[in-house]
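Colleague: Please take a close look at the packing inside this model, and state the cut-offs as you go.

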Amino acid sequence: MSHAIEPYHPGVFDLTHKITVEKHGHTALITINHPPANTWDRDSLIGLKQLIEHLNYDDDIYALVVTGQGGKFFSAGADLNLFADGDKARAREMARRFGEAFEALRDFRGVSIAAINGYAMGGGLECALACDLRIAERQAQMALPEAAVGLLPCAGGTQHLAWLVGEGWAKRMILCGERIDAETALRIGLVEQVVDSGEARGHALLLAAKVARQSPVAVRTIKPLIQGARERSPSTWLSEERERFIDLFDADDTREGVNAFLEKREPHWRNK
């Protein structure tokens, strides 16, 4: 499986070396690169937030894939050394940084896919939970073990996990500290696909490439409608769904998509 790879040049900010990013067609591949366990720290969380903000303004990017460097860890979450001295001010800042970074990822205007290539623990799993879709390798292990050290998941874990897998499994994983494997994650709806070891990145890029066939304007209009059901009853979104359908007729890509279909050709999206 081959992909055209080129370096991505963010330009407007200094991208921390703990995150690398490459461009694969219309997809940004983000790799958590902080060995040995790909943990998150202040710099990498700030870097992720800034990167997502930049990608939201890049009309050539329709999707992103997040994965971990190496074959063992997607991400082990936060480095607990940050909290060993009980500094409440540092804890407050780190909680804010985690929240800002993963909420930016959740709100990315395109499609985000987590390629879980190993252990996804604590803030590592919360990163994957912030994505739209998750692909896990068979050897992957997933957990939110914060309560075992007197903490709690503070970057969306209590909310996103319960939404995806239901209250019962969320309580098993968070309150009982249960670690699950990839097949269990697939069965309970935590991930959408399980693949062989070493293949999550490639499958995620293939799935992201499918996004390029969709109108990016339509995708970023549809995504908040789907996610909106987390906050309000689906019936309250029906009138807004119709209004956003009509709003799409202001977009160049809508005319392009309809005419391309009628002319039996591939559409040429401009993301406008």
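Modeller: A nonpolar core is a set of buried Ala, Val, Leu, Ile, Met, Phe, Trp, Tyr and Cys residues joined through side-chain atoms within 4.5 Å, where buried means under 20% relative accessible area with a 1.4 Å probe, protein chains only. The model is predicted, so local features need pLDDT of at least 70 and side-chain atom pairs count only at pLDDT 80 or more, while totals for chains, interfaces and linings use all residues. Residues are numbered from 1 along each chain as its sequence is written, and side-chain values use heavy atoms, without hydrogens and water.

The largest nonpolar core has 49 residues, and I30, F102, I116, M142 and L190 have the most contacts inside it. Helix 2 (residues 88–106) gives the largest share of this core, six residues; helices are DSSP runs of H or I, at least four residues, numbered from the N terminus. Another core, of 16 residues, lies apart from it and includes I113, L205, V211 and V219.

Helix 8 (residues 216–228) packs with helix 9 (residues 238–247) at an angle of about 175°, their axes 11 Å apart. Axes are lines fitted to C-alpha atoms over the stretch in contact, and angles run from 0 to 180 degrees between N-to-C directions. Helix 8 and helix 9 are therefore roughly antiparallel, the term for angles over 145 degrees. T221, P224 and L225 of helix 8 make the contact with E240, E241 and R244 of helix 9, contact meaning heavy atoms within 4.5 Å.

Definitions and conventions. Buried means under 20% relative accessible area, exposed over 50%, partly exposed in between (1.4 Å probe, protein chains only). Helices (H or I, at least four residues) and strands (E, at least two) are DSSP runs, numbered from the N terminus. Angles under 35 degrees count as roughly parallel, over 145 as roughly antiparallel, 65 to 115 as roughly perpendicular and the rest as oblique.
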